Amino acid sequence: MKTAMPVTDQELIYRAAGLTKVYGERVVLDIDALEIRRGEIFAVVGPSGAGKSTLLRLLNFLEEPTSGSFEFEGVEYQTGVNIPLELKRRVTMVFQRPLLLNRSVWDNVTYGLRLRGEKDSNKQVMEALEEVGLAQFTKQQARTLSGGEAQRVSLARAIVLRPDVLLLDEPTANLDPYNVGLIEAIIKRINEQYQTTLVMVTHNVFQAKRLASRVAFILEGKLIEVAETGRFFDSPSDPRTGAFVRGDMVY
Ligand SMILES: Nc1ncnc2c1ncn2[C@@H]1O[C@H](COP(=O)(O)OP(=O)(O)O)[C@@H](O)[C@H]1O
Ligand SMILES: [Mg+2]
């Protein structure tokens, strides 16, 4: 068996220890240690309510952890301290139920760049639309799109910003197999072409297997297992991971 290469700090983009998130009286996330590497596709799986979306909101600096240490590129960000805007802008999230503006596809993809004060963005917008296969849809009104097309617009809206980290929350939930395939191909391409670090929440373990370099399993707010994809599926160290992967878990 090959021994794992030690990961240097340089290669880490996130490092968290003793990370908790408490809502009211409920501890919804309680993670002893988590490391996410630069340029990887890191999948987070687990049943509904496990805390997956909560984790993404922390990684997106949208919410603060209740406690714990939280580092981005080796710099620790403490609760109560303002996160610099330049840092926040390096991380982009596609939400589980993304809301598009009630305007054209083009306007939706331009919007984020406009907010950042970029006026001359036609080329980037066109490139992003080409990347998601919607170059012919620029003038179409967002409300007339199919579910799969709308999800691809929300991806274009994120990738046009060229983030270093792209967080995806259930990017293919409720989509047909054709659009699932398209979106998975887009995710792979973004990762390969731009070395974008991807953290992807999915309850579809097969999707994690197809795309991820490493997979994490979250159950009731706890990180049960993190492993290279092969090992995660073939020889997980926690029996609960095996049960979840086989679909045996009752929840
Ligand atoms: N803003 C909030 N206030 C209170 N409880 C919340 C809030 N957000 C999430 N929760 C609770 O935290 C738990 C984890 O939620 P979530 O991270 O959305 O799970 P998942 O994405 O894995 O389905 C759930 O029980 C949910 O009800
Ligand atoms: Mg969720």
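A residue counts as buried if 20 or more other C-beta atoms lie within 10 Å of its own, as exposed if 12 or fewer do, and as partly exposed in between, with the C-beta atoms placed from the backbone. The model shown in these views is predicted, so local features need pLDDT of at least 70 and side-chain atom pairs count only at pLDDT 80 or more, while totals for chains, interfaces and linings use all residues. Residues are numbered from 1 along each chain as its sequence is written, and chains are lettered from A and ligands numbered from 1 in the order in which they are written.

**View 1. The hairpin of β9 and β10, with E220 in its turn.** Helices (H or I, at least four residues) and strands (E, at least two) are DSSP runs numbered from the N terminus, and two strands pair if DSSP finds at least two bridges between them. Strand β9 (residues 214-219) pairs with strand β10 (residues 222-228) in the antiparallel sense, over 6 bridges, and R214 has E228 in β10 as its bridge partner. Between the two strands of this hairpin there are 2 residues. E220, in the loop between β9 and β10, has a phi near 50°, which is a positive value in a residue other than glycine. With 15 other C-beta atoms within 10 Å, E220 is partly exposed.

**View 2. T229 in helix α8 (residues 229-234).** T229 and R214 are 15 residues apart in sequence, and their C-alpha atoms are 4.8 Å apart in space. Two residues are in contact if their C-beta atoms, placed from the backbone, lie within 7 Å; leaving aside neighbours within four places in sequence, T229 is in contact with K209, A212, S213, R214 and V215. T229 counts as partly exposed, because it has 17 C-beta neighbours inside 10 Å.

**View 3. The surroundings of ligand 1.** A residue is near a molecule or strand if its C-beta atom, placed from the backbone, lies within 6 Å of it. Ligand 1 is surrounded by Y23, V28, G46, S48, G49, A50, G51, K52, S53 and T54. Helix α1 (residues 52-59) gives the most to this shell, with 3 residues. Ala, Val, Leu, Ile, Met, Phe, Trp, Tyr, Cys and Pro count as nonpolar, Asp, Glu, Lys and Arg as charged, and the others, Gly among them, as polar; by this division the shell around ligand 1 has 3 nonpolar, 6 polar and 1 charged residues.

**View 4. An open sheet of 4 strands.** The strands follow the order β2-β1-β4-β5, and their pairing is antiparallel. At the edges stand β2 (26-37) and β5 (75-76), each of which pairs on one side only. Strand β1 (residues 12-23) is joined to β2 over 10 bridges in the antiparallel sense, and V22 stands opposite V27 in β2.

**View 5. E63 in the loop between α1 and β4 (67-72).** E63 counts as partly exposed because it has 13 C-beta neighbours inside 10 Å. Apart from its neighbours within four places in sequence, E63 is in contact with R57 and L58. From C-alpha to C-alpha, E63 and R114 are 24 Å apart in space, and 51 residues separate them in sequence.

**View 6. Domain 1, domain 2 and the core between them.** The protein chain is divided into domain 1 (9-90 + 163-246) and domain 2 (99-156), with bounds that come from an automatic or database domain assignment. The centres of the two domains, taken over C-alpha atoms, are separated by 25 Å, and the contact takes 9 residues from domain 1 and 8 residues from domain 2. A nonpolar core is a set of buried Ala, Val, Leu, Ile, Met, Phe, Trp, Tyr and Cys residues joined through C-beta atoms within 7 Å. The largest such core has 68 residues, and those with the most contacts inside it are A43, V109, A156, L167, V199 and M200. Helix α5 (residues 147-159) provides the largest share of this core, 6 residues.

**View 7. The buried residues of helix α3 (residues 105-115).** V105, W106, N108, V109, T110 and L113 are the buried residues of α3, and what covers them includes α4 (122-131) and α5. Just after α3, G117 takes a positive phi of about 80°.
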